[in-house]
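Please have the sequence and the structure open as you read.

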2 protein chains.
Amino acid sequence: MRPYLKDPAAIYAESFRIVREEARLERFSRAMEPVVTRLIHACGMVEIADRLAFSPGAAEAGRAALASGAPVLCDCEMVGAGIIRRHLGASEVVTTINAPGLPDLAAKLGTTRSAAQVELWRERIEGAVVAIGNAPTALFHLMEKLDEGWPKPALILGFPVGFVGAAESKAELAGDPRGCDFIALRGRRGGSAMASAAVNALALGETHG
Amino acid sequence: MRPYLKDPAAIYAESFRIVREEARLERFSRAMEPVVTRLIHACGMVEIADRLAFSPGAAEAGRAALASGAPVLCDCEMVGAGIIRRHLGASEVVTTINAPGLPDLAAKLGTTRSAAQVELWRERIEGAVVAIGNAPTALFHLMEKLDEGWPKPALILGFPVGFVGAAESKAELAGDPRGCDFIALRGRRGGSAMASAAVNALALGETHG
């Protein structure tokens with residue numbers, strides 16, 4: 001068996017060193033850099049740094065929201081499972097995809113459960129951090145609600161993944177963020193691990209360099 | 001707002017159609033094809049099909065294990081959260097990363113919590129499906145235990161991700177699978193969503209074409 005690194009702190013340090021070495025992080029602000037680092041760390045792909053879209057104050061908005069105890073609204077259980085609770089302070093992680101009655105609501109609205117659950121976020125959306133790591137339809141539905149005049153979240157983390165609607169929903173968000181701060185990965189790639197990693201980076205509020 | 005597909009069945013069908021169109025799935029067996037399809041679907045990258053390593057009977061072994069109610073041993077909560085329970089039958093999803101006493105055990109063993117939790121799998125490993133979607137050290141530690149003579153799992157799903165040990169642990173597994181069936185993604189990429197997707201495909205037992 002080949003030797004391998006076992007010390008958690010050493011593994012983190014070496015991981016982040018490799019990311020810094022390969023990802024040209026100097027193009028990002030001090031607030032964005034740790035978010036980008038953790039996004040790359042979560043997926044093993046430095047090249048995603050080239051495909052990120054974000055508003056100028058996105059990282060600051062997310063950090064401020066979490067520092068003030070804003071909830072994190074997740075589009076699937078995996079995003080919630082990936083959020084490191086001990087970094088979160090007073091913020092609650094909210095998952096609604098298994099809420100009772102949601103299948104009926106989705107059928108009534110003629111959409112996916114992922115999209116329909118956004119309706120359940122109405123009372124908590126203002127100032128929240130929205131973390132979408134799975135469903136393009138959830139991101140689309142959220143933008144429809146914002147177009148209808150819903151209160152704005154503090155930050156939209158747009159990481160839906162896949163072949164149908166993922167690239168399109170993130171292009172729609174980046175093209176017109178409806179006055180919200182946002183961080184999104186363009187294209188088909190994304191996923192729960194990236195959405196959680198962004199939340200974790202914002203909760204930690206770490207800066208490098 | 002641009003129009004988008006809202007019908008879940010239509011979204012799945014169109015996703016799988018695009019995967020089939022782009023991924024040259026005909027190179028895979030009838031049993032592996034649905035696994036590869038769901039792996040690609042989970043990450044949005046058709047090119048991962050080129051980097052998969054697997055034993056000849058891996059998909060069949062995984063399907064048989066789950067059909068007989070074998071447990072799924074997961075290296076992190078996110079893998080467990082991504083497994084669709086209603087497809088699983090009698091199989092239990094086992095996550096141990098938050099087990100009481102694990103931090104002490106990890107400190108005693110001089111390794112990560114992810115690796116140390118493998119010790120807790122001893123009584124359930126024989127014939128189980130092991131789903132590693134996060135930690136290279138968990139996969140390394142499992143191989144050490146197999147080298148010590150532990151009973152064999154039915155299938156190892158090797159999808160640790162990242163910059164330190166991920167590629168190395170999967171190369172070690174593919175180079176010497178210790179007599180176990182396995183499916184792994186070579187290189188830095190991987191993640192919980194892929195590990196869960198493989199379990200879901202095996203549990204569904206679906207075949208295309």
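In this predicted model, chain B and chain A bury about 3,700 Å² between them, and carbon and sulfur atoms give 68% of that area. On the chain B side, the residues that lose the most area to chain A are M1(B), M78(B) and F163(B), which together account for 20% of what that side buries. The contact draws on 45 residues from chain B and 45 residues from chain A.

**Charges and polar pairs across the interface**

How many salt bridges are there between chain B and chain A? The count is 6, while the count over all chains comes to 28 salt bridges. One salt bridge pairs E172(A) with R2(B). Here E172(A) sits in helix α8 (residues 166-175) of chain A and R2(B) in the segment before α1 of chain B, so the pair joins two chains. Another salt bridge pairs E144(B) with K6(A), and there the closest N and O atoms are 3.9 Å apart. Here are the two pairs side by side:

| Salt bridge | Closest N and O atoms |
|---|---|
| E172(A) with R2(B) | 2.9 Å apart |
| E144(B) with K6(A) | 3.9 Å apart |

Chain B and chain A also have 8 residue pairs in polar contact, counting pairs with both residues at pLDDT 80 or more. The largest share, 7 residues, comes from α1(B). Sorted by class, this side of chain B has 21 nonpolar, 12 polar and 12 charged residues.

**Helix packing within chain B**

Now turn to α3 (residues 58-67) of chain B, which packs with α9(B) at an angle of about 70 degrees, the axes being 8 Å apart. That angle makes α3(B) roughly perpendicular to α9(B). From α3(B), the residues A59(B), G62(B), R63(B) and L66(B) meet V199(B), L202(B) and A203(B) of α9(B). By class, this contact has 5 nonpolar, 1 polar and 1 charged residues.

**Helix packing within chain A**

In chain A, how are helix α1 (residues 8-23) and helix α2 (residues 33-43) arranged? They pack at an angle of about 110 degrees, with their axes 10 Å apart. The two helices, α1(A) and α2(A), are therefore roughly perpendicular to each other. On α1(A) the contact is made by Y12(A), S15(A), F16(A), V19(A) and A23(A), and on α2(A) by T37(A), R38(A), I40(A) and H41(A). By class, the contact of α1(A) with α2(A) has 5 nonpolar, 3 polar and 1 charged residues.

Notes. Residues numbered from 1 in each chain as written. Chains lettered and ligands numbered in written order. Predicted model: local features only at pLDDT ≥ 70, side-chain atom pairs only at ≥ 80, totals over all residues. Heavy atoms only, no water. Contact = heavy atoms within 4.5 Å. Buried area = accessible area lost by both parts, 1.4 Å probe. Salt bridge = Lys/Arg side-chain N within 4 Å of Asp/Glu carboxyl O. Polar contact = N/O pair within 3.5 Å; in protein donor to acceptor, adjacent residues only side chain to side chain. Helix = DSSP H or I, 4+ residues; strand = E, 2+ residues; numbered from the N terminus. Nonpolar A, V, L, I, M, F, W, Y, C, P; charged D, E, K, R; others polar. Axes fitted to C-alpha atoms, helices over the stretch in contact; angles between N-to-C directions. Parallel < 35°, antiparallel > 145°, perpendicular 65-115°, else oblique.
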